[in-house]
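Subject: Structure handover

Hello,

The structure we spoke about is below. My notes on it follow.

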Amino acid sequence: MNELGCLSKKHAVVTGGGTGLGLGVAKAMVEAGALVTIVGRRRDVLESAIEEIGDDAGFEVADIAELAGIQDLVRRLESRAPIDILVNNAGTHHKAPTLDTDDADFARVIETNLFGSFALTRDIARCMAERGEGSMVMITSMAAILGLPQVASYTASKSALQGLTRQLAVEFGPLGIRVNAVAPGFIETDMNRGIFEKDPERLQRILARTPLGGLGSSSDVAGAVVYLSSPTARFVTGVCLPVDGGLSIGF
């Protein structure tokens, strides 16, 4: 869903919004009428992104893994406009055999994907609760649904976010805040294209168990996020929506 105007007058915050799926979500939010603020670590990337997104986009430079700075980040975001929508998209990744994954590698992924997302969610929820409404969307992963090798820390973080989605939906529902998740399948990105060029057999395995065939696009994921953030989904909370062409149920 990306109906023009369905997010009119809403302020949406998208972490990791300078590139990839986050950028696609930010564009879709603006197209749906929202004022969007993207958050990321690299000013040059964010500046380039808002030129691409348009006049209704702004940015804040921040690393959500730096927990001591979260409260100040929320104050800056709220000073632009009261936050109606939070999309927790920022994340990092580490791929290695589990036996070769040391504690520092594991902790680095958890600190960003889980601790940072939780801290930002908690502090923005305080603001939303005062107003009695809000919507939050966690971007999880097929790693939270399927068993994927060599991504122990990533799987742990995304699985935790998926469980947190259900817990927060129950606790925040009486405060007027909806909490949902989107689990992207294999999406056609520059990074994935490079991976599949090196390992075409992996691509064929993925396609063979994807009922709809092919790879998804960033707009597929963005449309799901817009829907869950919109008034159309006003009675939807605590769900994880796979956007995967049926991969997670394919055989």
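A pocket here is an open set of grid points with protein on both sides within 12 Å along at least five of seven lines, and its volume is the space filled by probe spheres set on those points. Please keep in mind that this is a predicted model.

Pocket. The second largest pocket holds about 190 Å³ of space. Its lining is made up of Leu-7, Lys-10, Asp-84, Ile-85, Glu-133, Gly-134, Ser-135, Arg-178, Ser-229, Ser-230, Pro-231 and Arg-234. Sorted by class, five of these lining residues are charged, four are polar and three are nonpolar.

Aromatic pair. Searching the whole structure turns up one aromatic pair. The partners are Phe-186 and Phe-196, with 6.5 Å from centre to centre and 55° between the planes, which makes the pair tilted. Phe-186 sits in the loop between strand E6 (177-184) and helix H6 (190-198), while Phe-196 belongs to helix H6, so the pair ties together parts that are 10 residues apart in sequence. Phe-196 counts as buried because its relative accessibility is 7%, and the cut-off for buried is under 20%.

Thr-121. This residue is part of helix H4 (residues 103-131). Is Thr-121 buried or exposed? Its relative accessibility is 1%, so Thr-121 counts as buried. Setting aside neighbours within four places in sequence, Thr-121 is in contact with Leu-86, Asn-88, Met-136, Met-138, Leu-168 and Phe-172.

Regards

How values were computed. Residues are numbered from 1 along each chain as its sequence is written. This is a predicted model: local features need pLDDT of at least 70, side-chain atom pairs count only at pLDDT 80 or more; totals for chains, interfaces and linings use all residues. Side-chain values use heavy atoms; hydrogens and water are left out. On a 1 Å grid over the protein atoms alone, a cavity is a set of points where a 1.4 Å probe fits but cannot get out, and a pocket is an open set with protein on both sides within 12 Å along at least five of seven lines; lining residues have an atom within 4 Å of a point. Ala, Val, Leu, Ile, Met, Phe, Trp, Tyr, Cys and Pro count as nonpolar, Asp, Glu, Lys and Arg as charged, and the others, Gly among them, as polar. Rings of Phe, Tyr and Trp (its six-membered ring) pair if their centres lie within 6.5 Å; planes under 30 degrees apart count as stacked, over 60 as edge-to-face and the rest as tilted. Helices (H or I, at least four residues) and strands (E, at least two) are DSSP runs, numbered from the N terminus. Buried means under 20% relative accessible area, exposed over 50%, partly exposed in between (1.4 Å probe, protein chains only). Contact means heavy atoms within 4.5 Å.
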